[in-house]
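Subject: A structure for you to look through

Dear colleague,

I am handing over the structure below, and I would be glad if you kept it open while you read the notes that come after it.

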Amino acid sequence: MPETMWTPWRLGYIVGERPEGCLFCLKSKEPREKDKENYILHRGRSGFIMLNSFPYTNGHLMVAPYAHLASPELLEPEVLHEFIDLTGLSVALLRQAIGPEGFNIGMNVADVAGAGVADHLHMHVVPRWKGDTNFMSVLADIRLIPEALNSTYERLAEALRQTLK
Ligand SMILES: [Zn+2]
């Protein structure tokens, strides 16, 4: 059972309460001063990294291009390249900040595949620990507590500062 916990279609369910319009466009178009409030961790040239407010595990990050496009083959080569670079950076920051033992990394393309936000491509980077299925039953109750998200955000932001130094 724990081995099969990764069920990408559940992510759509967990992303659940979505705002009107596209989450990724809404958040990325807001002023940078609001990045912390919006859990945007890092902005690249063509894409950005944000913390999932409805995490699958603690530290669940999402990488998205700024461009509102639904599928990877639609991205310009440089955008696709940075999308992958930002995925790698997300893994590095999570390793440094919260020391996971493994990761699930992936994209759900289109509703039928379980995408929570189907028309704006995004990569999920989900840190994993042995026994985190137990943690998840706890997290299911606490995941809306802002302190937990803020504390993870701060640790990741510190890891980013050290990485970009
Ligand atoms: Zn969008």
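The notes below go from the overall picture to the sheet, then to the core, and end with confidence.

This is a predicted model, in which local features need pLDDT of at least 70 and side-chain atom pairs count only at pLDDT 80 or more, while totals for chains, interfaces and linings use all residues. Residues are numbered from 1 along each chain as its sequence is written.

The protein has five helices and five strands, where helices (H or I, at least four residues) and strands (E, at least two) are DSSP runs, numbered from the N terminus. Along the sequence these elements follow the pattern α-α-β-β-β-α-β-β-α-α. Of the 165 residues, 30% count as buried, a residue being buried if 20 or more other C-beta atoms, placed from the backbone, lie within 10 Å of its own.

The five strands form an open sheet in the order β1-β2-β3-β5-β4, with antiparallel pairing; two strands pair if DSSP finds at least two bridges between them. Because β1 (40-43) and β4 (102-106) stand at the edges with a single partner strand each, one side of each is left without a neighbour in the sheet. β1 and β2 form a hairpin with three residues between them, and they are joined by three bridges, with Ile40 standing opposite Met50 in β2. Five bridges then join β2 to β3, where Leu51 stands opposite Leu61. On the next step across the sheet, three bridges join β3 (residues 61-65) to β5 (residues 123-128), and the partner of Leu61 in β5 is Val125.

Is strand β2 enclosed by the rest of the structure, or left open? Five of the five residues of β2 (residues 47-51) are buried, so this strand is largely enclosed. In a regular strand the side chains alternate between the two faces of the sheet. In β2, Gly47, Ile49 and Leu51 are buried on one side, and Phe48 and Met50 are buried on the other.

The largest nonpolar core has 28 residues, of which Ile49, Met50, Leu51, Leu61 and Val63 touch the most other members; such a core is a set of buried Ala, Val, Leu, Ile, Met, Phe, Trp, Tyr and Cys residues joined through C-beta atoms within 7 Å. Helix α3 gives the most to this core, with six residues. Val63 is in contact (C-beta atoms within 7 Å) with residues that include Ile49, Phe83, Leu86 and Val125, when its neighbours within four places in sequence are left aside.

Helix α3 (residues 77-98) has 22 residues and spans 31 Å from its first C-alpha to its last, close to the 32 Å expected, which is 1.5 Å times one less than its number of residues. Among the buried residues of α3 are Phe83, Leu86, Leu89 and Leu93. The helix is followed by Gly99, whose phi is positive, near 50 degrees.

Finally, the average pLDDT, which is the predictor's confidence in each residue, from 0 to 100, is 84 for the protein, and 79% of the residues score at least 70. Among the elements, β1 has the highest mean pLDDT (98) and helix α1 (residues 8-15) the lowest (45). Over residues 1-15 pLDDT stays under 50. Where pLDDT is low, the predicted coordinates should not be read in detail.

With best wishes

Conventions: Buried ≥ 20, exposed ≤ 12 C-beta atoms within 10 Å, placed from the backbone. Contact = placed C-beta atoms within 7 Å.
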